[in-house]
Amino acid sequence: MTLKGLILSASVLALAGAAGAETRIGMITTLSGGGAALGLDVRDGFLLAIAQSGRDDIEVIVADDEQAPDVAVQLADRMVQSDDVDLMTGIIWSNLAMAVIPSVTAQGLFYLSPNAGPSQLAGRGCHQNYFNVAWQNDNLHEAAGAYANSEGYTNSFILAPNYPAGQDALAGYKRFYEGGLAGEIYTQLGQTDYAAEIAQIRASGADSVFFFLPGGMGISFLRQYADSGLDIPVIGPAFSFDQQILQAVGAAALGVRNTAQWSPDLDNAANVAFVEAFRTEYGRIPSLYASQGFDTANLILSALEAGHPTDSPDAFREALRAADFASTRGDFAFGPNHHPIQDIYVREVVQDGDIFTNRIVGVALEDRGDAFAAECSM
């Protein structure tokens, strides 16, 4: 099946269900609203890997969660009970992950997260059938805190939306950052007007600003911050400096440093091939989310060689743990709580012709696991 045919099939299956596939993968992700770019990239990266595998015995049932927990729960129930999926993936947002993943794994299914990594599921809420292929939520923020130390910042103003990933973000930054805080704010999820927060930053005496505002929130903040005339350096995780966000923000983001476990210029064979294939197929530079969708699919494909997730769950689980696939990140391994151990880089926003993108300028943390593995009882 061609990639375009696979995408069409996935769209149809989202409405009609599927029959006859040896393996059915349920993908619930965000395909509409302010967070749609993130889910579209996860989906496109995932389907690219499935198409490249040449397998015709896998069907991917894709559905839009509309960034709403109740919708995600309804879709998960339908996929498990009616569509008879064998495993699930796709969720972008941590509040949706917390609403769906514990129920899915309690029913004996596998869930592989291509993005959301809430601390609750890395620690005491860990499960043998839950694997996170992206990060634990705190990781990129921890790296930002370490980078702030290296730059000599001692008075950061920090802000993030008030939901699980936002709470993990500020906790992660503070875990590694050694200086004081000029201010700490939780904003509303989905907020687009940051005039009040920027005024507080201006009056705070901060020597740096750390923020986590994914999707449209980050676009709004960066534009308004640039228009404000403030020259206080900003640091953020990759979520606020990804491809779609950079094209929307433009020159205002040039030179900003951000932290990520992946970058389009990461020099390993798997990543070079992935970036080229993604650009050829979709006509755009892949994002962090696309790389995570691609890696998640390739991990699943590698595990299917060892056993089926419902017919041979133990063999499938052990193959997932082995992570024997060519990751776009290069070296990749799971920790004892099924969360990655990986390098986290510092990137800088640059302009390449008419395109704004990121280039690696250093390593913030090497072989970083996460702070919650010790709480996991597996």
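The largest cavity of this predicted model is lined by 15 residues, of which Ile 92, Asn 115, Tyr 163, Ala 165 and Phe 212 lie nearest its centre. A cavity is here a set of points, on a 1 Å grid over the protein atoms alone, where a 1.4 Å probe fits but cannot get out, and lining residues have an atom within 4 Å of a point. The volume of the largest cavity is about 130 Å³, a volume being the space filled by probe spheres set on the points, with grid points joined across faces, edges and corners; one cavity of 30 Å³ or more is counted by this rule.

The largest pocket, a pocket being an open set of points with protein on both sides within 12 Å along at least five of seven lines, holds about 190 Å³ of space. Its lining comprises 15 residues, with Tyr 225, Ile 232, Pro 233, Val 234 and Val 256 nearest its centre. Two or more lining residues come from each of α9 and β9 (234-237), and α9 supplies the largest share, three residues. By class, twelve of the lining residues are nonpolar, one is polar and two are charged. Helix α9 (residues 216-228) also contains Leu 222, which is buried at 5% relative accessibility and whose C-alpha atom is separated by 42 Å from that of Asp 83.

The structure holds 15 salt bridges, each defined as a side-chain nitrogen of Lys or Arg within 4 Å of a carboxyl oxygen of Asp or Glu. In one of them, Arg 368 pairs with Glu 142, the closest N and O atoms being 2.9 Å apart. Since Arg 368 belongs to strand β13 (residues 355-368) and Glu 142 to helix α6 (residues 139-150), the pair ties together parts that are 226 residues apart in sequence; helices (H or I, at least four residues) and strands (E, at least two) are DSSP runs, numbered from the N terminus. Arg 368 is buried at a relative accessible area of 19%, and Glu 142 is buried at 0%, with buried meaning under 20% relative accessible area, exposed over 50% and partly exposed in between (1.4 Å probe, protein chains only).

A salt bridge also joins Glu 348 and Arg 257 (2.9 Å, N to O), linking strand β12 (residues 340-352) with strand β10 (residues 257-260) across 91 residues. Glu 348 is partly exposed at 21%, as is Arg 257 at 26%. Asp 295 and Arg 329 meet at 3.0 Å, N to O, and both residues are buried.

Residues are numbered from 1 along each chain as its sequence is written, and side-chain values use heavy atoms, with hydrogens and water left out. Local features need pLDDT of at least 70 and side-chain atom pairs count only at pLDDT 80 or more, whereas totals for chains, interfaces and linings use all residues.

Notes:
Nonpolar A, V, L, I, M, F, W, Y, C, P; charged D, E, K, R; others polar.
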